[in-house]
Amino acid sequence: MARVALVNLASLPMPGNEPIFPIGLRCVQDALDRADHDTRLIDFVADPSALRDLSWAAEPWDVIGFTIRNIDPIDMACDGHVDDYQDFVDRVRAAAGPNTPLLVGGGPGYSLFADALLARLGFDVGVVGPGEKAMLDIVAAPERWRGAGRNLGGERHPGFLRDPLQHPRALLTSYARLEGATIGVETRRKTCYQGCVYCPYAYISGDNKGDVKPLELLATELRDIYDAGIRRVFFTDSIFNAELRYAKQVVRMLIEQDLPGLTWSAYFTPKPFDDEFAAMLAPSDVETVVVSPDSLDDRMMRTLGKSFDTRHVTRFLERCRRHDLTVRVNIVFGGPGEDRESVRTSAEYANSRLAQDELVMSVGYRILPGTALARQVSLDGDDLLTPTFYPLPPDLFDWVMTDFDSRFVSTRCLLNLMAGRASSRRMTRLPLQPGTAQEASGLPYLALKRQDAVHPRHALGGGA
Ligand code: B12
Ligand code: SF4
């Protein structure tokens, strides 16, 4: 039996971070508990004093695992979180004293930048993707991994199909107190079937074999969450209705559970999305049907890698309207090929078909490792750890504000756009490298990077 502390770094107070319930770390803890290890989850929402008083770090742990969920809030106006993670891990290492336990990294954000973070945070070993199986192997023989300095590929966890994930009541209730608290619930472990140019999901999901959670396990998890007083759930699938038949079964199960006041949401796709599904959603108390076409211009949607176009979005909207569903359409300006015309086309679509609260607009594509965008600009790993964005047409913000009806530009949206514009002007423009594919691409520069952390080799005027 090993003694394992699991630290939720995503609950650190950091600018731009709003902690959410740590389901990933809970999955890892549950697997360890079931194998009779002695675990404790350190979470600063549940126990804010653990942030200042690090005496817990000096206990005789064999392993301390850290979860890293977000690298940054993927917002042009926000800084990254990596410095905060580094400071905190350093404090834990100092507090642990001379017999430092084995330090292990994992989580979705960690998985994206595993090699860079392993070195920077000084972990002994890390895990890319699902953490249960790898963590069980690590804690079985911690000394074997001391100073290993490498990342393991996460593997399939059979317990996902077998064991209900029932969270400690105290942890649930401390998150239930936060405004708008939503608990994530996992229905499937499956890589998304689409190939959006900016999306790193395939990277994070690891070797997951496409497991689909049995409905009776899901029902147990939901009832437990409900009994703890939580009334909002988010199904964490990349796309909830990617497999419509299973999505319908989940919605039917939710209706049968009859949990009054429980609302839920998820990321949906406009295709596949039929009338029967739309009709089921209303009585299931779905809060918002969120879709992310990312643009409402067909050329842009194709370029971004979407497998549907505006005809599908229109049909989806009609179905939702017929069944009185609340919808939210997310679009992000500034992808490859965005120009005056594509912004105008998106605006024409939105102005004629969407109501005031149905559109959420943002600007700037955060370039993440392993994605088509990263390949296009030949940046990866270390290069991308500080917030880095795809090049933007200089007048993009003005076009958005001019073309979209004022009903879409709420004060909040306006402030976000202005903050994004101010921030993009302050960012460093990484130069195109002479004679490369990037120089031939017609882009004005390679990428936008927050100024404070530009690697010298990328500073304006620097060579390759
Ligand atoms: C669902 C989801 C959401 C939901 C969450 C709902 C909820 N209440 O939980 C919502 C819509 C709210 C959301 C919001 C945001 N999200 Co989000 N989200 C996801 C998504 C699709 C799934 C995450 C999830 O819960 N998976 C299920 C759990 C069980 O898996 P997991 O956490 O990965 O844990 C496993 C492994 O990582 C590992 N593991 C975890 N911890 C540890 C620890 C150790 C020691 C080890 C060994 C292993 C390990 O084992 C776990 C079990 O197998 C991911 C993409 C993805 N496919 O992963 C993005 C993702 C995590 N989100 C991301 C981001 C950026 C955000 C936002 C900042 C976006 C924004 N600007 O608003 C916010 C921040 C929210 C917050 N406050 O933290 C990024 C994070 C990486 C990055 N780019 O920095 C991701 C990867 C997507 C992306 N575009 O890159 N998100
Ligand atoms: S649909 Fe969503 S999860 Fe799938 S590739 Fe695109 S952005 Fe990623």
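Helices (H or I, at least four residues) and strands (E, at least two) are taken here as DSSP runs and numbered from the N terminus. A residue belongs to the surroundings of a ligand, or is near it, if one of its heavy atoms lies within 4 Å of that molecule. The model is predicted, so local features need pLDDT of at least 70 and side-chain atom pairs count only at pLDDT 80 or more, while totals for chains, interfaces and linings use all residues. Residues are numbered from 1 along each chain as its sequence is written, chains are lettered from A and ligands numbered from 1 in the order in which they are written, and side-chain values use heavy atoms, with hydrogens and water left out.

The chain divides into domain 1 (3-155), domain 2 (162-263) and domain 3 (269-464), with bounds that come from an automatic or database domain assignment.

A polar backbone atom of Glu 18 is 2.3 Å from a nitrogen atom of ligand 1, and a polar backbone atom of Gly 131 is 2.8 Å from an oxygen atom of ligand 1. The side chain of Arg 189 has an N or O atom 3.3 Å from an oxygen atom of ligand 1.

Turning to ligand 2, the surrounding residues are Cys 192, Gln 194, Cys 196, Tyr 198, Cys 199, Tyr 201, Ser 238, Ile 239 and Lys 306. This shell around ligand 2 comprises 6 nonpolar, 2 polar and 1 charged residues.

Next comes the interface of domain 2 and domain 3. Taken over C-alpha atoms, the centres of these two domains are 26 Å apart. In contact (heavy atoms within 4.5 Å) are 22 residues of domain 2 and 28 residues of domain 3. The buried area, meaning the accessible area (1.4 Å probe) that two parts lose on being put together, summed over both, is about 2,200 Å² between domain 2 and domain 3, and carbon and sulfur atoms give 59% of it. Val 197, Tyr 198 and Lys 248 lose the most area on the domain 2 side, together 31% of what that side buries.

The rule finds 3 salt bridges across this interface of domain 2 and domain 3, each a side-chain nitrogen of Lys or Arg within 4 Å of a carboxyl oxygen of Asp or Glu. Glu 287 and Arg 232 meet through their side chains in a salt bridge (2.8 Å, N to O). Helix α10 (residues 244-257) contributes 6 residues, the largest share of the side of domain 2 that touches domain 3. That side of domain 2 divides into 15 nonpolar, 4 polar and 3 charged residues.

Lys 271 and Pro 272 are joined by a cis peptide bond, with omega about 5 degrees, and Pro 272 is found in the loop between β11 (263-268) and α11 (275-281). Asp 36, although not a glycine, has a positive phi of about 70 degrees; Asp 36 is found in the loop between α1 and β2 (38-42).

Definitions and conventions
Nonpolar A, V, L, I, M, F, W, Y, C, P; charged D, E, K, R; others polar. Polar contact = N/O pair within 3.5 Å; in protein donor to acceptor, adjacent residues only side chain to side chain.
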